[in-house]
Amino acid sequence: RPLSLAFVFALILILSYSYLQTASEAAADEQIQRLIAANQELKMHQERLVQQQKAQEKKAQDEKEKLQKELEEKERQEKERQAMHKQAQQRRNARAQQQQQQQQQQQQQEQQQADDEGRKVWGQPNAVLAQQLGETRDEVARRISGLKSARKAKKVIIDVEDAEEKPEPPKAPRAEAEDEPAEKSMEKPVEKPVEKPAARPQRAVAEPQMAPQAPKEAKMLTPGKEFLGESAAKWEVWQKLVADDDRKQSLSSDWQNLPSFQIWIRTHAPGNEKLLAIFYESLRLFWKDFPEKTLVLTLDDDSPEDHQYGDYLTNMWPFPTVKYQPPPPRDVLTAPACGRTEGFDRMMHSVFFADEWTDADIVAVMDNDGMFVAPVTPRHLFSKDGKPIVIGKQILYTRGQTFKLGAPLGKWAVATEMALGQPMVADFMVHFPIMIWRSDFELFRQHIANTIGNGTFNDAFRRFATDANSYNQFNIILNWAWYNRRDAYDWHLQSVLMSQDDMRNGKYNTIAPRIATHARGMAPEEIYKAFRQGYCHACIHCDTCLNVTAGKEQKKFMFSWVFPLMFTWEGQGMPWEEPSLKVEGQPYYVQEKFYVALKESNYAWPEKALQMLLRSPEYYPDCQPPDTSSCTKKTAGPKAKKPWKPKLENVFMNACELLFSGTRHYELTADDYYHLKKRGRSAAGLG
């Protein structure tokens with residue numbers, strides 16, 4: 001029996017071992033099968049990766065070939081364009097040379113005819129007669145033409161021999177005319193006969209009547225000043241106006257302990273009328289002691305007219321520093337959009353590199369149609385702690401939304417967000433001069449290049465400048481400064497309906513008066529009024545009116561009127577108010593503080609200020625806005641509001657003229673005085 005038990009136990013062990021061995025072999029086989037399947041899947045995955053890599057390489061090669069073909073096509077087109085341009089230039093040169101030869105031949109024929117006429121009338125050719133008289137051949141020819149006309153009319157009789165003895169034959173009957181100004185030679189011929197000396201033969205000859213011609217002052221502007229176009233006469237008058245102005249070497253002591261700055265303007269020769277009649281005129285009237293070299297003008301280096309223009313500007317007040325910028329690569333400038341041209345994009349591109357044209361701490365950027373409307377003091381450009389003042393208008397922006405309740409999205413918001421990678425906070429194209437730390441330009445360009453430019457700013461510019469809804473350089477730069485250099489500036493951002501917290505409680509939304517505006521869109525009459533209003537508001541508050549008596553008489557009536565251009569941009573919309581700030585958020589309160597500070601600075605008007613104030617509206621250019629017909633309706637923003645004008649503006653302008661004119665061109669009626677007096681502080685001068 002014990003042996004049976006042992007046998008059974010051994011049998012059980014044998015069977016268990018066999019089972020375990022069989023199970024182990026089955027598990028091993030299953031593991032092997034899984035490994036084989038995993039290996040096959042890995043191979044298939046590797047094959048897929050290889051196929052994808054080949055596809056990517058093929059795609060990259062195709063794109064490279066496509067790009068190469070595009071570059072070759074562009075090069076071919078550029079060569080064709082250059083060849084066509086060269087051929088066109090050759091044709092133009094040939095035509096110009098042919099026209100010049102024809103003109104020379106025609107001139108020679110006319111001179112020959114004139115000489116023949118001169119021999120008939122005076123017995124000698126015009127060239128000899130011109131040398132004797134000290135005149136040009138054309139002037140002598142005009143004398144002969146007038147003489148022939150008068151002869152036919154048989155208007156007067158003069159002594160021929162006496163005329164030959166006088167240095168000016170046509171003027172022999174009027175000896176007193178030798179010392180008269182040139183304009184008197186254009187008078188109508190005298191119709192009374194001149195008495196004849198008894199001893200000399202006489203014949204009926206008319207006093208010469210010269211053909212109508214421009215005054216000599218205007219004639220002197222044409223030769224050598226073609227780059228000024230039709231504005232040459234205005235520049236001549238300006239030269240005489242500023243001929244006695246002193247050259248200030250530096251700013252007054254009030255500007256000490258503040259960062260250095262220079263006003264920088266990107267302009268060109270065709271814009272010379274705006275620079276003169278708007279910027280230069282307002283600068284001299286409202287910044288009397290403006291020192292030389294404080295203005296920097298950058299012109300086109302590839303334009304011969306700009307070089308002539310720059311040389312002309314250098315030697316007259318305000319004695320600017322003139323520099324020249326070569327054109328950027330052609331592929332940087334985009335196709336025209338939203339009223340823009342290639343020249344416009346070139347100017348905008350230049351602003352992003354404004355730091356390259358000055359060594360000052362701050363670049364104060366303006367346009368050639370920027371216009372000062374109030375006297376300039378340090379308090380109006382810098383805060384008490386020396387930070388540059390920045391003025392803007394808030395917007396409420398949500399990605400993808402073009403409008404929100406009470407706050408429209410500016411038309412530049414899309415391009416601004418594209419450039420910065422952050423939403424636009426405010427519109428900063430609402431003030432001049434725009435003060436920017438020079439060191440910020442390089443930091444800004446690096447940020448833009450790294451955000452969307454593949455490491456280069458020109459690539460970034462090409463991207464955001466192609467946005468059909470347009471862009472604004474100041475908006476992009478100062479929105480960047482808001483996010484990255486907020487503590488370096490003194491911010492004054494006009495609030496909107498849904499502004500909250502620091503954008504409404506007085507931290508960033510205190511009112512700052514504008515000392516300059518933009519003449520874009522203004523008619524000559526509006527520019528004319530802006531100059532006079534700026535003077536009248538300042539002289540009434542500071543007791544500096546040129547007509548002292550009228551200033552005292554009108555002060556009680558005009559003191560409380562608000563100056564619209566100080567609290568609007570380009571005269572558009574309603575004046576800036578901040579209701580949440582109560583009294584300190586009212587324009588009349590801010591305006592009074594402004595002029596109190598101005599009076600403390602003892603500002604005085606420049607010499608010959610009256611001459612500038614008496615300009616007629618026709619003197620100023622018509623600053624029509626650009627064509628925006630190509631802008632999209634979705635994100636172009638609302639149309640500009642109509643210029644805000646206070647009620648009874650004409651009454652104010654009539655009273656204003658009394659403050660500088662020596663005579664009363666307007667007589668204010670009792671009704672006018674009633675309206676002037678009624679518009680007190682309670683109405684804030686807003687009508």
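**Patches, disulfides and buried side chains**

Colleague: Let's start at the surface: which residues form a nonpolar patch there?

Modeller: Keep in mind that this is a predicted model. The patch has about 490 Å² of accessible area together. Its members are Phe7, Val8, Leu11, Ile12 and Leu15.

Colleague: Is leucine 15 buried or exposed?

Modeller: Leucine 15 lies in helix α1, which covers residues 2-122. Exposed takes over 50% relative accessible area. With a value of 54%, leucine 15 is exposed.

Colleague: On to the cysteines, then. How many disulfides does the count come to?

Modeller: The sulfur atoms have to be within 2.5 Å. Cysteine 536 and cysteine 656 pass, with their sulfurs 1.7 Å apart, and cysteine 539 and cysteine 545 pass with 2.2 Å. The count comes to two disulfides.

Colleague: What parts does the pair of cysteine 536 and cysteine 656 tie together, and how many residues apart are they in sequence?

Modeller: These two cysteines form a disulfide. Cysteine 536 sits in helix α14 (residues 524-542) and cysteine 656 in helix α18, so the link joins parts whose separation in sequence is 120 residues.

Colleague: Why is helix α18 described as largely enclosed by the rest of the structure?

Modeller: Look at its residues: the buried ones are Glu649, Val651, Phe652, Met653, Ala655, Cys656 and Glu657. Cysteine 656 has a relative accessible area of 0%. Helix α18 spans residues 649-657, and it counts as largely enclosed because the buried share is seven of the nine residues.

Colleague: What is the handedness of the disulfide between cysteine 539 and cysteine 545?

Modeller: Both ends are buried, cysteine 539 at 0% relative accessibility and cysteine 545 at 9%. The torsion about their S-S bond is about 75 degrees, so this disulfide is right-handed.

Colleague: And cysteine 542: how far away is the nearest cysteine sulfur?

Modeller: Cysteine 542 is buried, at 10% relative accessible area. A disulfide needs sulfurs within 2.5 Å. Cysteine 542 is in no disulfide, and the nearest cysteine sulfur belongs to cysteine 539, at 8.5 Å.

Colleague: Let's look at tryptophan 605. Which backbone oxygen does its side chain reach?

Modeller: Tryptophan 605 is in the loop between α16 (587-600) and α17 (609-613), and at 9% relative accessibility it counts as buried. Its contacts beyond four places in sequence include Leu285, Pro375, Cys539 and Thr544. The C-alpha atoms of tryptophan 605 and threonine 544 are 7.8 Å apart, although 61 residues separate the two along the chain. The side chain of tryptophan 605 comes to 3.0 Å from the backbone oxygen of threonine 544.

Colleague: Last one: asparagine 509. With which side chain does its own side chain make a polar contact?

Modeller: Asparagine 509 is found in the loop between β11 (490-494) and β12 (516-518), and it is buried at 0% relative accessible area. Leaving out neighbours within four places in sequence, its contacts include Gln394, Asp502, Trp576 and Glu578. A polar atom of its side chain also lies 2.7 Å from the backbone nitrogen of glycine 506. The side-chain partner, at 2.9 Å, is glutamate 578.

Terms used:
Residues numbered from 1 in each chain as written. Predicted model: local features only at pLDDT ≥ 70, side-chain atom pairs only at ≥ 80, totals over all residues. Heavy atoms only, no water. Patch = residues over 30% accessible without salt bridge, like charges linked within 9 Å, V, L, I, M, F, W, Y side chains within 5 Å. Areas by Shrake-Rupley, 256 points an atom, 1.4 Å probe, with all protein chains shown as cover. Salt bridge = Lys/Arg side-chain N within 4 Å of Asp/Glu carboxyl O. Helix = DSSP H or I, 4+ residues; strand = E, 2+ residues; numbered from the N terminus. Buried < 20%, exposed > 50% of the residue type's maximum accessible area, 1.4 Å probe, protein only. Contact = heavy atoms within 4.5 Å. Polar contact = N/O pair within 3.5 Å; in protein donor to acceptor, adjacent residues only side chain to side chain.
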